[in-house]
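Dear colleague,

I am passing on the structure below, with notes on what was found in it. Please read the notes alongside the coordinates.

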Amino acid sequence: MLVVIRNVLNPTQLQQVRSMLDQGHFVDGRLSAGKKARQVKNNEELHAPAGQMEKLNQLVMGSLVQHPEYQAAAMPYRVAAPYYARYTEGMGYGDHVDDPVMGPPGGQYRSDVSTTVFLNDPEQYTGGELVIQTSFGEQSIKLAAGDAVAYPSSSLHRVAAVTSGTRFVAVTWTQSMLRDPQRRELLFQLYQAREQLMQSDPDAHATTQVDHVYVNLVRMWSEL
Ligand code: NI
């Protein structure tokens with residue numbers, strides 16, 4: 001399941017993020033890559049003093065984790081601090097699968113959901129699509145600044161080469177309370193039906209029933 005989450009960041013937040021990125025120091029992204037990914041990774045990542053990173057993370061992650069669509073789609077249990085990546089002309093990231101376990105010893109987490117937050121407008125670069133392999137073929141994703149896409153970390157994906165301009169994204173991983181992507185998808189569909197019913201028919205018996213089933217399926221399936 002690929003879920004597009006709109007307006008994670010508003011224009012004011014985007015401007016703050018962009019001004020921090022514009023002043024930031026970027027290093028070769030291969031330094032943070034796993035063995036296999038290093039061969040196909042060609043981008044740069046922000047290195048900034050801890051205080052500045054914390055401010056940036058609060059802005060980006062604060063908005064992401066509070067977003068109801070993200071909550072319902074990812075069912076986060078642990079959320080990693082993001083990487084801020086920059087792709088200039090000629091850079092890209094070949095086909096790879098994200099590392100299954102990330103984080104420092106003692107602070108490790110399993111990556112279930114990968115999320116990319118687009119930090120600049122698609123008109124500012126050509127190429128640079130996030131291409132994800134799904135059971136229905138390849139999906140090519142390039143979103144407006146402030147929008148995000150969440151997808152299973154188990155999927156093979158790549159970033160097409162940027163042919164002009166610069167692409168800025170934040171990338172993060174989530175350990176979900178629901179390890180199984182199919183269960184996450186089923187629950188997300190049920191969540192959407194429940195939201196609609198609560199809007200259109202809040203007092204109906206069917207609304208109460210759907211809510212009841214949703215809540216208890218979350219209880220049945222979540223692992224903490
Ligand atoms: Ni990746």
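**Contact between the domains**

Eleven residues of domain 1 are in contact with six residues of domain 2, where contact means heavy atoms within 4.5 Å. This is a predicted model, in which local features need pLDDT of at least 70 and side-chain atom pairs count only at pLDDT 80 or more, while totals for chains, interfaces and linings use all residues. Residues are numbered from 1 along each chain as its sequence is written, and side-chain values use heavy atoms, with hydrogens and water left out.

The domain assignment, automatic or from a database, places residues 3-176 of the protein chain in domain 1 and 181-221 in domain 2, and their centres, taken over C-alpha atoms, are 29 Å apart. Between them the two domains bury about 690 Å², 65% of it on carbon and sulfur atoms, buried area being the accessible area (1.4 Å probe) that two parts lose on being put together, summed over both. In domain 1, Glu 69, Ala 72 and Met 75 lose the most area to domain 2, together 52% of what that side buries.

No salt bridges are counted between the domains (a side-chain nitrogen of Lys or Arg within 4 Å of a carboxyl oxygen of Asp or Glu).

**The nickel site**

His 96 (NE2), Asp 98 (OD) and His 157 (NE2) coordinate the nickel ion at 2.1 to 2.2 Å, donors being N, O and S atoms within 2.8 Å of the metal (3.2 Å for Na, K and Ca); water is not among the atoms, so sites may look incomplete. In sequence, these donor residues follow the spacing H-x1-D-x58-H.

Best regards
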